[in-house]
Amino acid sequence: MAKDSRRSGRYGQSKVGWEFFGSELKRRREAADLSQQELGRRVFCSGTYIGQFETGVRKPQLDVAERIDTELATGGFFARMCEELINSTTNVPYFADVAYLEGIATEIHAYAPMFVPGLLQTAAYARAVFKGGFPLAPNDDIDSWVAARLERQCIVAHPTTPLLWTIIDENVIRRPTGGAAVMREQLEHLASLARGERLVVQVLPYSSGAPVLGGMLKLMTFDDAPPVAYSEGAMSGSLMDDPALVAKLQRAYDFARAAALPRDSSLTLIEAAAEEYADGNRE
């Protein structure tokens, strides 16, 4: 029961929806007398992936759902359900799958070159990030985006999983996103999380030179599925599950981790920066 408590709210609804998708896929596949391997061959993916779709560990892309409909003669049932579940999230389309995978990951390793990762942001900091990226967006949209981001943070409150390991560039703590008061609150929040047992935070200092990773990266591992990687650019994102590519990105992340400050030194730097913002806010 405790394991499922972190999937409340929209995560819980989404998980139930995809579990129903999977149970229907299994029922109709078996009714067609097809093995997972045979259906996978027909829709151009592995039998393992079909099994992961059926258990809700992974979600199929829309084109795969369409091919499943063709092979099982289900009249567009799976494509329509796939579209409905994808569109039901308040996250932007390219991030919807990532938000879902965060909720079932056992470990999340992130590198953040510009901003504190979304899972660790305060409401005020998240608002400042969105306002900076979308200065003309209506306040109602900003409010919705902030609420969706904070809702994802239910996984951080879970007592055991996932393990969170975050490397932030020193630029993240030096850039006054939202102003001194917002930064002080954000860094104090980050320091508080870093003192706990669930989260490891390391700072990649300016003194380390050019970073190994040139942009945002998130690596996620699972109990019963291969690891995935996610990178993000301007209003776009890429979710990658090719084993060779994920392994290369993991090595790059390991090099960045080796160049970062140790955990205690990172915490000291974050706390010192928070005090600097506090002093600046009093002036």
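This note covers strand pairing, aromatic ring pairs and charges over rings.

1. Basis. This is a predicted model; local features need pLDDT of at least 70, side-chain atom pairs count only at pLDDT 80 or more, and totals for chains, interfaces and linings use all residues. Residues are numbered from 1 along each chain as its sequence is written, and side-chain values use heavy atoms, with hydrogens and water left out.

2. Strands 4 and 5. Helices (H or I, at least four residues) and strands (E, at least two) are DSSP runs, numbered from the N terminus. Two strands pair if DSSP finds at least two bridges between them. Strand 4 (residues 217-221) and strand 5 (residues 228-233) run antiparallel, joined by 4 bridges. They form a hairpin, with 6 residues between the strands. Leu217 has Ser231 in strand 5 as its bridge partner.

3. Strands 5 and 6. Strand 5 also pairs with strand 6 (residues 236-240), again in the antiparallel sense, over 5 bridges. Here Ser231 stands opposite Ser238. On the other pairing, Ser231 is the partner of Leu217.

4. Phe21 and Phe78. Rings of Phe, Tyr and Trp (its six-membered ring) pair if their centres lie within 6.5 Å; planes under 30 degrees apart count as stacked, over 60 as edge-to-face and the rest as tilted. The count by this rule is 5 aromatic pairs. Phe21 and Phe78 have ring centres 5.2 Å apart and planes at 70°, so this pair is edge-to-face. The pair links distant parts of the chain: Phe21 is in helix 1 (residues 9-31), Phe78 is in helix 5 (residues 77-87), and 57 residues separate them. Both residues are buried (under 20% relative accessible area; exposed is over 50%, partly exposed in between; 1.4 Å probe, protein chains only).

5. Phe130 and Trp145. This aromatic pair is tilted, at 5.6 Å centre to centre and 55° between the planes. Phe130 lies in helix 7 (residues 123-133) and Trp145 in helix 8 (residues 139-152), so the pair ties together parts 15 residues apart in sequence. Phe130 is buried, with a relative accessible area of 11%. Trp145 is partly exposed, at 24%.

6. Cluster and charges. Ring pairs link Phe21, Phe77 and Phe78 into a cluster. The charged end of Arg28 sits over the ring of Phe77, 4.3 Å from its centre. The rule for a charge over a ring is NZ of Lys or CZ of Arg within 6 Å of the ring centre and within 35 degrees of the ring normal. Arg257 lies over the face of Trp165, 4.7 Å from the ring centre.
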